[in-house]
Amino acid sequence: MTPVLSFENVNVAIADAPVLRNVSFSLQPGASAALIGRNGAGKTTTVRTIMGFTKAIGAVRLGGEDLGPIPPHRRPSLGVGYAPEDRRLFSAFTVEENILLPGRVAKLSPDETRRRLERAYSVLPELKELARRPAGSVSGGQGKMVALGRALMLGTRLLILDEPFQGLAPVLAQRYAEALRRLRSQDKDITMLITESNPKLLETFADVTLTIERGEIEGD
Amino acid sequence: MSEKDLMTRRIKPITTAAVIFFLVSAVAPLFVASWATLFALILAKGIVVLGIVLLLQAGQVSFGHAMFFAIGAYTSAFWGKYVGGGDILLYLVLGGISSTVFGLIVGLFVVRYREIFFGMLNLAFSMVLWSLLEKMFPYTNGADGIRVARPGLLGFVFTPETFQYVILYVSLLIAAAAFYGVQRYLESPLGHMLRAIKSNETRLEYLGMSARRVLLIGYVISAFLGGIGGTLVAIIQQIATPEFGFWTKSGEFVFIAILGGGAHAFGAFAGAAMFECVRFYAAAHLADSWQLILGVVLIVIILYAPNGLIGLRQRYRQSGKGGR
Amino acid sequence: MNSTLAILAVLDGISYAALVFLVSVGLSLIFGVLRVVNVAHGSLYAFGAYLAATFSIKVAPLSPWLTYPALLAASIVIGVVCGGFIERVLLRPLYGRDDVLQLLITFAAFMIMDNLQRLIWGVQPIFAAEPLKLLPNVTVFGVNYTSYQVILLPAVAVATLFGLRYFLRRTLAGAVIMAVTEDREASTSIGIDARRVYFVTFIIGASLAALGGALASPTTSLVPGMGADMIVLSFAVAATAGLGQIEGAALTALMIGLTRAFVIYLQPEFEVLVPYLLMVLVLLVRPYGLFGATQMRKI
Amino acid sequence: MQYLKTAFAAAAATAIFAGAALAQGKPQEIKIGIATFLSGPASVFGVPAKAAAEMIAEDLNKKGGIGGVPVKLSFIDEGAGGEALVSNYRRIVQDDKVDATFAAISSGSCNQLVPVAEDLKVMNFMWDCGAASILETKKYRYNFRTQANGTPEMLAVLIYLLKTKPDFKTIAVVNQDYAWGRESWEIFSTALKAMKPDVQVVAELFPKFGAPDYSTEVSRLLALRPDVVLTTAWGGDLDTLVRQAGQRGLLQQSTFVLGIGESSIQRLGKDLPEGLIVGARGDHWFLHPEKKNDPAFKAFNEAFKAKTGAWPIYPVYHMAQAFTALQTAYDKAIKANDGNWPTREQVVDATAGTEFATGFGRPVTLRPEDNQGLEAQLVGVTKSFPGYDFKLLDNMMIFDPKVITNPAGVRSVEWLKTLKPEFAKMDVPTFKQ
């Protein structure tokens, strides 16, 4: 089967310093992958490379298609949802507007948009109460949920969550993990790539673990 | 190869170029009389731009640096108007002191900010100074400025013919000293810390250095250079006008720094020479299009030689070696 | 100063503020999205004014009312042609490079445009007051005002403010611009083409500058060098408000316009000083401007 | 020091060679360097003056030039900014070795260039700048002013006002904020205080040079209702002020005095109402009452109109004065030198005290004591006449420069303070259009 995501000998350097060295791995459809590594090991660079925010040498493929020639802003509409580490919500809009915006930009039909919003709410029911709140006013933990909801709007094939548990209170972390399980139970085919510095946290959830150290990845 | 070796290898030819440049400024005007003033102006402006280049090392761009230029110029002008008499050396000392003091006062405020906010606050200060120079007509003579009578040097009085060479060689001496001084400063630990503000300010703070203090030192030096340059230009031109402190003048200094290449102290002089020559000859031959020509030159440099004139040389060398 | 004079000063302040707002809001919008201080903004203002005058002198003999659409047409032409050119050809190759290069290239554009303006329209002052003369005067406490200046200009400014607000808050294109303003990378990661947004925003900002010039053209002589003063003034307004702050720019323009008018009545010597003194004082206390958000500081 | 000596020797040698060459015989051409505004707001004066210079030089060369030698012009832009102006001035003098310079329009440029000319020992005509102070504070050898200065210009306008509107009680001033605006008001107000001390000054407004908007100033004046409003603004600034004031009825409410408004009359066209008092910085008017039927004057005006599309304005005539002064001085020097070509110094000697006449107005004398030009002043009031789509001047008075110029050696302001109310009652001929 064609992997959803594959890296083939990917090298990334930032300001002449190598950050990713010869990284190769692949994820099958429906995989729940954990990318584990210390701070500065290259986790965020890996996911940013998928989104097209770095200059990479080597091939990154989505469903067999080389992402190289595809400009960053076209990648989400291929079914990639991305929740960055520090939430990065648009504070000028409400929570619901934040979630809807990717769909509006991708010009989804109203029916499709509604379906995807429902899906986000069913995975993250607490967002329904927050819908009308300005995104700038929600707490850090709620913000993580909103960022996940926003990623779900276009993330139908691949969902990338960068350090979702970072800085979450234990209760919220648990709720977040529950949301991920709900998503997994609803959608068997979606592929998830979650970065985390603490290997323990994702032990029970992830079926694939990739360990990254000094820019090199060892699969399992 | 360590970074340091690379640096010295890169710097050496440029230092040679600088020495050649200073020699040419010393000799060429002996053959073409009007070059005396032209080169004096180039050197004086180069001194100001040296200050801009210095701040560029810290990644900061001042869009109000003409204020120190104006302060230097007006110090001489006020002295001539209210005290009378004057000597090149005295003017330089006074201009240096006043711009340093102002640099310290303004610096205390602006070093708290970075990037666009740093530039903006500098601009705001300089525009206040400019409005005051324009509006305080009874004291500053408004837009027409104040004449600066031709001063002597150490008690000697010169004829106009001799004076243009006197001021040329004074400018040359100061320019060479300023160039050497700034080079030394940039190679010193303080200079390295200044660069660290651009690359990694937080790390600097981890090392227990106050980034603000490091920047303040650089800022005051740069203000001092601006004041000295302004004093020289006022003496050369025999006038100080509010235009010296207008935002377009500040823009011009940054323009020259980028034109020359902000990465090296010599860029200041290379840029000033290029700028003044283009303006001088464009104004001579195409009196109504000199701005257009300068603008196009700048665009070409920015788009195709991002490291300025100095960078051009390196680019040529790199392509010559065929490596990347 | 009695209350009559105070009211007169308010009227003068408002009409001045209206023009200043139009120009500075464009500058602010461009900075908000592209993070570029567009020094050529003043030249776009001047070009807008000159082209508007050219157009309205052409159409006035047909019907003087045609001069109004002529003003609008001129601003759009300048915005699209000059603004589009500056963004596409000059700025685009520089994204991701040092900020100062972007600023300097607009400085170069400013020098070129200043020169071109002289070559195209000459040096003699141009005056095209047709639109101003069409509207009647209004009398306040025995003092005549042109309704163009005390009614039309403020009305256009208010309409622009609310139009922009509506556009940015209620339309997809506006939402996209807002998103890029706030976070370029996050916008890209939800599928927004930031470059297109840059292009469109620059054209909108440039058109607003040109509109300011076009609307000013009936009230003033068009002379070489008119752009250089406008750019610092509008920059002072935008920076005092906080770069990227639209409503803030409106309030600051109003504040500067009113202060200036009162200063002319009371202490005319300090007229030029007002905006810059205000700018220094505000920036010393609030470097991100009166309405600027503190999170704009780069991490 | 060695360099210095060499430099000095080189300069001296060049000077000797140049001098020798001149003494030997006629040069190929007389080179004239002209500083004028080609950019910036003051190019409204500079560009027409440049056109005039080219026209005059062409005409002069057609007639054989000066003393049989053709003239060659080079221009430098006053608008290029301080350093560029001075370095280009030095270039044309030191490298191109021009024989004489005409510099400049703005008093600021004159302040910069006059000492340079004196240093470089090149004859310079201040052909248009009007600040009185330059020649009052120092005696120059090489610098001459080939026209009047601000003192007679303002005094003429004031006396015209006192003669035609003797009863006004209040006055306000709106001048551009730079040396000319300030100085002209100082001259005007000092003389006013001396000759009519009961007048109250209700507002002194000095908007920024190049200000795009005078709405607030206009409002304030509408509220203050002064009997007279004086402005010595020019160019785009004056146009804007007059139009904004006209639109809102201020021109109808107060008597406006446009100190140097002659240069804006054609541009303002229908926007300029009747009854405004207009000064001309000299006796300059393309329908000069004493010259309008003179064929040479008419031919010059027609030719200028054909070349530029507008009738000449005062800077054009000022440019003509500089050329005539130069020609007169050369002719005088050649004569004094027994028909041989004179040295530069001989020309400078001959220039002092010269009287010359362009034929476009009354003759001008260069006063030998301070090289100040004595030039008649024309002031009139605007009025519509058929056949012109702009206003013409009517009830023109032409003032004798010897009466209204301060004596040499006395500073303007000191002299103006000594004037008595009777001074304004002097006899001045009045001309209808």
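Author: The account below goes through the interfaces of chain C and then turns to selected residues.

This is a predicted model, in which local features need pLDDT of at least 70 and side-chain atom pairs count only at pLDDT 80 or more, while totals for chains, interfaces and linings use all residues. Residues are numbered from 1 along each chain as its sequence is written, chains are lettered from A and ligands numbered from 1 in the order in which they are written, and side-chain values use heavy atoms, with hydrogens and water left out.

Four pairs of chains are in contact, and among these, chains B and C share the most contacts, where contact means heavy atoms within 4.5 Å. On the chain C side, 47 residues are in contact with 42 residues of chain B. The size of an interface is often given as the accessible area lost when the parts come together. Chain C and chain B bury about 3900 Å² between them, and 79% of this is on carbon and sulfur atoms; buried area is here the accessible area, taken with a 1.4 Å probe, that two parts lose on being put together, summed over both. The residues of chain C that lose the most area to chain B are Leu104(C), Met111(C) and Leu284(C), together 15% of what that side buries.

Helices (H or I, at least four residues) and strands (E, at least two) are DSSP runs, numbered from the N terminus. By type, the residues of this side divide into 38 nonpolar, one polar and eight charged, where Ala, Val, Leu, Ile, Met, Phe, Trp, Tyr, Cys and Pro count as nonpolar, Asp, Glu, Lys and Arg as charged, and the others, Gly among them, as polar.

Chain C also meets chain A, with 18 residues of chain C in contact with 20 residues of chain A. About 1800 Å² is buried between chain C and chain A, and carbon and sulfur atoms give 63% of it. Three salt bridges are found across this interface; Arg48(A) forms a salt bridge with Glu185(C), with 2.2 Å between the closest N and O atoms. Four residue pairs across the interface of chain C and chain A are in polar contact, both at pLDDT 80 or more. On the side of chain C that touches chain A, α7 (172-182) and α8 (184-189) of chain C each supply at least two residues, and α7(C) gives the most, with six residues. The residues of that side divide into eight nonpolar, five polar and five charged.

Some pairs of chains do not touch: the nearest C-alpha atoms of chain A and chain B are 11 Å apart, and those of chain A and chain D are 37 Å apart.

Leaving aside its neighbours within four places in sequence, Val47(D) is in contact with Val123(C), Phe37(D) and Leu38(D). Val47(D) and Phe37(D) are ten residues apart in sequence, with their C-alpha atoms 6.7 Å apart in space. At 32% relative accessibility, Val47(D) counts as partly exposed; buried means under 20% relative accessible area, exposed over 50% and partly exposed in between, with a 1.4 Å probe and protein chains only.

Within chain D, Cys110(D) and Cys129(D) form a disulfide with their sulfur atoms 2.0 Å apart, a disulfide being a pair of cysteine sulfur atoms within 2.5 Å. The torsion about their S-S bond is about -90 degrees, so the disulfide is left-handed.

How values were computed: Salt bridge = Lys/Arg side-chain N within 4 Å of Asp/Glu carboxyl O. Polar contact = N/O pair within 3.5 Å; in protein donor to acceptor, adjacent residues only side chain to side chain.
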